[in-house]
Every structure is written in structure tokens, then in C-alpha cells.
Amino acid sequence: MKEQFIIRFRDSKFRYQAEVREFNMDEKMIYDVSYSLVPYVHPARRVQVYSGSGHGPEVYWRQRITSKEDELLPQEFIEAIGYAIEQTQH
């Protein structure tokens with residue numbers, strides 16, 4: 001796997017670009033994502049995501065909360081990031 005890469009994704013009507021760094025934590029791959037709107041209208045924001053399993057064979061993406069200040073993002077947004085990571089990894 002790559003250690004750092006760029007993804008592009010869309011959520012609703014907005015387009016984003018993100019720099020992704022991956023690292024292994026307790027046998028689980030964590031993705032540190034710094035994202036911003038395209039074109040770069042706002043400063044980059046940061047979120048950590050990881051893939052998990054649910055009922056059945058599908059992969060579900062989840063947000064990793066690292067501090068009290070972390071904002072819980074909508075699940076659809078996290079899934080859009082995860083899908084873009086999957087597309088880059090294959």
C-alpha cells in the first residue's frame with residue numbers, strides 16, 4: 001500500500017480534494033485525511049477514517065474521533081472519503 005496519496009471525491013454538490021496519509025494502528029489501517037473544497041476556497045480540515053465490517057460482506061467506513069474538539073461528520077461524507085480511498089488503492 002502507498003503511504004501518502006491524493007484523492008478527489010464529491011459530497012452532495014461539492015467537490016473536494018484531499019491528501020491522505022495511512023498508518024497502521026493495532027493491526028488496523030487508519031487514514032489521516034486533510035481535505036478542502038475544490039478549488040481551494042477554505043483551509044484544509046482534517047479527519048481520520050478507517051474501514052470496518054458490518055453484517056455481510058460490505059465494507060463500512062467510520063470516523064475515528066481523537067479529541068473532544070473533533071466534529072462528528074455525516075456518515076455519507078465519511079463513506080464518500082472511504083469510497084475514494086478504495087478507488088485509489090485498486
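Select β4 (45–53): with four residues, this strand gives the most to the lining of the largest pocket. Helices and strands here are DSSP runs (H or I, at least four residues, for helices; E, at least two, for strands), numbered from the N terminus. A pocket is an open set of points on a 1 Å grid over the protein atoms alone, where a 1.4 Å probe fits, with protein on both sides within 12 Å along at least five of seven lines; lining residues have an atom within 4 Å of a point.

The model is predicted: local features need pLDDT of at least 70, side-chain atom pairs count only at pLDDT 80 or more, and totals for chains, interfaces and linings use all residues. Residues are numbered from 1 along each chain as its sequence is written, and side-chain values use heavy atoms, with hydrogens and water left out.

**The pocket**

Now select the whole lining: Y35, R45, R46, V47, Q48, Q63, R64, T66, E69, D70, E71 and L73. By class, the lining has six charged residues (Asp, Glu, Lys, Arg), three nonpolar (Ala, Val, Leu, Ile, Met, Phe, Trp, Tyr, Cys, Pro) and three polar (the others, Gly among them). The space in this pocket is about 160 Å³, a volume being the space filled by probe spheres set on grid points joined across faces, edges and corners.

Rings of Phe, Tyr and Trp (its six-membered ring) pair if their centres lie within 6.5 Å; planes under 30 degrees apart are stacked, over 60 edge-to-face, and the rest tilted. The structure holds six aromatic pairs. One of them is F9 with F77, edge-to-face at 5.5 Å centre to centre and 75° between the planes. F9 sits in strand β1 (residues 4–11) and F77 in helix α1 (residues 75–89), 68 residues apart. F9 is buried at 6% relative accessible area, and F77 is buried at 5%; buried means under 20%, exposed over 50%, and partly exposed in between (1.4 Å probe, protein chains only).

Y16 and Y35 are also edge-to-face, because their ring centres are 5.9 Å apart and their planes at 75°. Y16 belongs to strand β2 (residues 14–25) and Y35 to strand β3, so this pair ties together parts 19 residues apart in sequence. Y16 is buried at 12%, and Y35 at 6%.

**Helix α1**

**Two loops**

Go to V38, in the loop between β3 (28–37) and β4. V38 is partly exposed at 28% relative accessibility and touches R15, Y16 and Q17, not counting residues up to four places away in sequence; contact means heavy atoms within 4.5 Å. The peptide bond from V38 to P39 is cis, with omega near -10°.

D26, in the loop between β2 and β3, has a positive phi near 50° and is exposed at 73%. E27 lies in the loop between β2 and β3; its phi is near 70°, and E27 is exposed at 80%.
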